[in-house]
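This report walks through side-chain contacts in one model. Have the sequence and the structure open as you read.

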Amino acid sequence: MTVAVIGAGMSGLSTTHFLAEQGAEVRTFEASDEPGGIVRSTTVEGHVLERGPQRLRLSKPVESLVETLDLRDELRFGDDDQPLFAYDDGQLRRMPLSVRDAITTDLLSWRGKARVLLEPLTGGAKPNETVEAYLTRKFGHEVATRFAGPLYSGLYGTDADDMYVEYSLGKALDRFGVEGSLLVFMLKKLLQGTETPPIVSFEDGLQTLPEAMYAAHEESIDLETPVTGVERDGEDYLVHTEDGTERAETVVFTTPAPTTAALLEDVDSEAAETVSQFAYNPIGVVHLRSDFDGTGHGFHIIDDGFKTDGSTWNHSMLGRDGVFTSYVGSGDSEFLDADPAVIGRRAAEEFETVTGAAATVLDAAVLRPGMPAYDRSWAALDELSLPDGIEICASFMSRAGIVGRIDGGKRTAATIAEE
């Protein structure tokens, strides 16, 4: 079987890796001169910075790749035993991510905490229910608006009231096997003593992983080779690049929705139209240098009036001395069109407001198209039908994040092998 994979981000690299394990003949095309997609590591003034994800969990799929690619000695372990904060009403307050914090946090009132105990009496998600409505019905208004909602929707830069459960949070619940009560599920896990995989990165940054995957399959991956078109030819497909044409029985799209839609146009215009509806939120990523000595994983912003959505404290969590990463302006295209110096300065000013510590800008960049919004436009997913021989393995179809993309690549390879 010959398979063409479009894109060498984590989805494309994972698909390539697992297809190769299945014995398929794979040709992978990447427009950029580097593998990894949004997983990008750089060094500025001696500091390792991540322009995409800041860390990952050493889950079984990741650990398996680490062993296969002989990366164990390059792992950098983070500190799990640290709080996450919410900036609310002018103060940093602990988010209730542990039993102790759930009892002691001043982010929620005692009435709000008590309301959580009624959650086992509520039912599962309803059709077309938004994440905000679902969380409010399950845990009460206070938890939904001050904790669970901002924590979840802040990952994607989308208001919880604009996200349908079935296309966003519901996928995570299905993945963990949560069918009824969330609270009962979490208590069972607590009583079972289930261990959470540790936080990790690599000494030279997360891009170490995709670079190692690329090196392992370099002979079948063409960098700086954008695909210019895809068309059907009998039962096969022709994948066109400026360097020539590759014939394949199966084509796997791992690119963001706008790129996938454009390339699908000549194959299936209805599928292309459906994919084009999925919205993305561009996001600013600003790396700051500060002497702030707080201990924690970072904070989310709940207060209004801020461009900053949240901050990851690499200094504390991963031992990256003095480095803090702020996410700013998610979905605010007008703000993110400004000069990077303006974006960086705003992030530094707001970091000082929140922490009380001055910060200087090490790097400022804008990720485009950014994160899948998983908003109401995802209702179009029900209309998506792909022709035989076409697969999509991308974050907008399932689960974002490095672990999700590794899982997605493995599932896609298995599906193709079965066919």
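## Salt bridges

A salt bridge here is a side-chain nitrogen of Lys or Arg within 4 Å of a carboxyl oxygen of Asp or Glu. The model is predicted. By this rule it holds 22 salt bridges. One of them joins Arg-72 to Glu-67, with the closest N and O atoms 2.5 Å apart. Arg-72 is partly exposed, at 31% relative accessibility. Glu-67 is partly exposed too, at 44%.

Side chains of opposite charge can pair when their charged atoms come close. Arg-146 and Asp-88 form another bridge, again with 2.5 Å between the closest N and O atoms. This pair links distant parts of the chain. Arg-146 lies in helix H6 and Asp-88 in strand E7 (residues 84–88), 58 residues apart. Is Asp-88 buried or exposed? Asp-88 is buried, because its relative accessible area is 6% and the cut-off for buried is under 20%. Arg-146 has a relative accessible area of 24% and is partly exposed.

Arg-247 is partly exposed, with a relative accessible area of 42%. Asp-233 counts as partly exposed at 32%.

## Aromatic pairs

The count of aromatic pairs is 13. In one of them, the ring centres of Phe-292 and Trp-313 are 5.0 Å apart. Their planes stand at 75°, so the pair is edge-to-face. Phe-292 sits in the loop between strand E15 (280–290) and strand E16 (298–301). Trp-313 sits in the loop between strand E17 (308–312) and helix H12 (314–317). The pair links distant parts of the chain, 21 residues apart. Both Phe-292 and Trp-313 are buried.

Phe-324 and Phe-351 make a tilted pair, 5.1 Å centre to centre with 50° between the planes. Phe-324 belongs to strand E18 (residues 323–328) and Phe-351 to helix H14 (residues 340–355). They are 27 residues apart. Both Phe-324 and Phe-351 are buried. Ring pairs link Phe-85, Phe-292, Phe-299, Trp-313, Phe-324 and Phe-351 into a cluster.

## A charge over a ring

Lys-113 places its charged end over the ring of Trp-110. The distance to the ring centre is 4.2 Å.

## Helix H7

Helix H7 spans residues 169–176. Its residues Leu-169, Gly-170, Ala-172 and Leu-173 are buried. Why do they fall on the same side of H7? They cover an arc of only 160° around the axis, which puts them on the same side. An α-helix has 3.6 residues a turn, so residues three or four places apart point the same way.

What covers the buried residues of H7? The cover includes helix H5 (131–139), helix H6 (141–153) and helix H8 (182–192). Helix H6 also contains Arg-146, the partner of Asp-88. Gly-177 follows H7, and its phi is positive, near 75°.

Terms used. Residues numbered from 1 in each chain as written. Predicted model: local features only at pLDDT ≥ 70, side-chain atom pairs only at ≥ 80, totals over all residues. Heavy atoms only, no water. Buried < 20%, exposed > 50% of the residue type's maximum accessible area, 1.4 Å probe, protein only. Helix = DSSP H or I, 4+ residues; strand = E, 2+ residues; numbered from the N terminus. Arc of directions from axis to C-beta. Contact = heavy atoms within 4.5 Å. Phe/Tyr/Trp six-rings, centres within 6.5 Å; stacked < 30°, edge-to-face > 60°. Lys NZ or Arg CZ within 6 Å of the ring centre and 35° of its normal.
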